[in-house]
Amino acid sequence: MTDHNPGSSPGFSTLAIHAGAKPDPTTGARATPIYQTTSFVFDDVDHAAALFGLKAFGNIYTRLGNPTNAVLEERIAALEGGTAALGVASGHAAQLITLHTLLQPGDEFIASKKLYGGSINQFNHAFKNFGWVVKWADPDDISSFENAVSVKTKAIFVESIANPGGVITDIEALAGVARRARVPLIVDNTLATPYLCRPIEFGADVVVHSATKFLGGHGNSMAGLIVDGGSFNWSQEGRYPMLSEPRPEYQGMVLHETFGNFAFAVACRALGLRDLGPALSPFNAFMVLTGIETLPLRMQRHCENALAVAEFLSAHPQVSWVSYPGLKGDRYHTLAKKYAPRGAGAVFTFGLKGGYDAGVRLVSKVELFSHLANIGDTRSLIIHPASTTHRQLTDAQKVQAGAGPDTVRLSIGLEDVADIIADLDQALA
Ligand SMILES: *Cc1c(COP(=O)(O)O)cnc(C)c1O
């Protein structure tokens with residue numbers, strides 16, 4: 001979380017523009033080119049053999065890696081303070097590949113109950129088919145994670161700022177639980193971005209992103225990222241066989257012995273992405289790279305606008321509650337000052353005194369806000385979860401997921417804040 005310190009390593013904004021990139025060696029192009037190709041010519045037979053055997057780094061086939069994607073991977077690793085990273089097709093693909101590298105059928109992982117709804121579905125349904133068992137725990141009660149640990153536990157998964165309700169997770173406390181259980185702590189840092197929070201500095205071992213959201217920032221490209229924190233010891237008595245057992249397809253190579261503190265990123269690429277296949281399009285990597293160049297400026301404005309909107313709603317007679325950790329007096333305000341001191345992000349929920357019907361009316365009356373199921377766009381977005389994303393749940397389940405009948409979720413964009421507030425004001429009237 002360092003600002004620029006003359007004479008030391010470059011500051012965050014400099015890295016956001018330059019990390020991983022250099023002028024194209026053949027054309028001099030300053031922006032990173034989109035290498036829109038599936039495959040790459042080998043120098044000779046020995047070169048091909050070395051690449052296929054993981055004895056040399058280089059390009060083979062875009063499912064495994066691509067020069068445009070490589071710049072994005074280096075940039076996010078630098079911004080998160082990790083050792084290496086992998087770009088994939090979406091945030092969900094990042095979660096799939098991360099857990100595929102860690103879990104065998106019958107293994108367990110512990111996840112926070114307060115997660116993006118799509119992640120709750122992925123963990124409850126798709127992952128069940130792989131024999132991966134999710135145990136849910138409450139991020140407001142660290143002991144619930146401790147109590148869920150068993151010999152089969154292989155990972156802990158949380159979000160730094162949790163979707164949708166503005167929950168700030170005590171990453172350092174959970175890193176302690178993970179260390180005692182000898183499992184990696186995986187943090188989904190989508191809502192915070194590394195500009196607001198750097199989970200690896202608080203003990204996270206792996207960071208995942210839906211770059212579809214604030215990193216890309218313009219609501220136009222799907223992408224996911226996995227960052228290897230480089231800190232975890234994978235050699236524990238065969239508990240992580242993808243990393244610690246000899247790989248037959250790589251002449252018996254043991255990935256954690258060969259690749260050390262970036263073995264996890266290599267395993268995600270050479271085993272997970274290779275076999276499961278959700279490759280990142282180089283075009284989308286280019287869009288996300290362009291988005292990241294302005295990440296610090298955008299996040300500052302997102303947070304300023306969100307705080308002003310949260311303050312406006314707190315004082316509005318039709319609003320019963322606002323859950324934004326940036327507000328003084330919010331239950332997560334103290335944690336927010338520790339984990340996201342530059343701002344508490346731009347996604348939060350609030351409650352309407354008029355309940356379900358008032359929520360439905362509000363989303364139909366807004367004009368500047370777009371009524372849709374996304375976050376992290378330049379545009380301000382609104383959704384009433386009870387009538388959309390969470391409609392299949394019972395009222396009790398809705399409340400538990402932070403999406404009760406009266407709840408509205410906002411993702412505050414970069415428009416003039418007076419216009420954002422005026423739109424909510426007219427729609428509430
Ligand atoms: C959107 C989102 C995801 C899933 O990402 P996709 O890019 O849509 O696959 C995961 N986690 C969080 C917090 C999200 O907001």
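In the UniProt record, an unreviewed entry, Lys 213 is listed under "modified residue: N6-(pyridoxal phosphate)lysine". The structure examined here is a predicted model. In this model, Lys 213 lies in the loop between strand S8 (206-210) and strand S9 (224-228). The relative accessibility of Lys 213 is 9%, and Lys 213 therefore counts as buried, the cut-off being under 20%. When residues up to four places away in sequence are not counted, Lys 213 touches Tyr 116, Thr 190, Asn 374, Ile 375 and Gly 376.

Two helix pairs were also examined. Two packed helices are described by the angle between their axes and the distance between the axes. For helix H4 (residues 91-102) and helix H5 (residues 117-129), the axes come within 11 Å and cross at roughly 45 degrees. H4 and H5 are therefore oblique to each other, and their crossing is right-handed. On the H4 side, the contact involves His 92, Gln 95, Leu 96 and Leu 99, which meet Gly 118, Ser 119, Gln 122, Phe 123 and Phe 127 in H5. By class, this contact has four nonpolar, five polar and no charged residues.

The second pair consists of helix H12 (residues 282-293) and helix H13 (residues 295-314), which pack at an angle of about 65 degrees with their axes 5 Å apart. H12 and H13 are therefore roughly perpendicular to each other, a term that covers angles of 65 to 115 degrees. H12 contributes Gly 291, Ile 292 and Glu 293 to the contact, and H13 contributes Leu 295, Pro 296 and Arg 298. The residues of this contact divide into three nonpolar, one polar and two charged.

Note on methods: Residues are numbered from 1 along each chain as its sequence is written. This is a predicted model: local features need pLDDT of at least 70, side-chain atom pairs count only at pLDDT 80 or more; totals for chains, interfaces and linings use all residues. Side-chain values use heavy atoms; hydrogens and water are left out. Axes are lines fitted to C-alpha atoms, for helices over the stretch in contact, and angles run from 0 to 180 degrees between N-to-C directions. Helices (H or I, at least four residues) and strands (E, at least two) are DSSP runs, numbered from the N terminus. Angles under 35 degrees count as roughly parallel, over 145 as roughly antiparallel, 65 to 115 as roughly perpendicular and the rest as oblique. A crossing is left-handed if the near helix is turned anticlockwise from the far one by less than a right angle, and right-handed if clockwise. Contact means heavy atoms within 4.5 Å. Ala, Val, Leu, Ile, Met, Phe, Trp, Tyr, Cys and Pro count as nonpolar, Asp, Glu, Lys and Arg as charged, and the others, Gly among them, as polar. UniProt positions are given in the numbering used here, feature names are shortened, and annotations may be inferred rather than shown by experiment. Buried means under 20% relative accessible area, exposed over 50%, partly exposed in between (1.4 Å probe, protein chains only).
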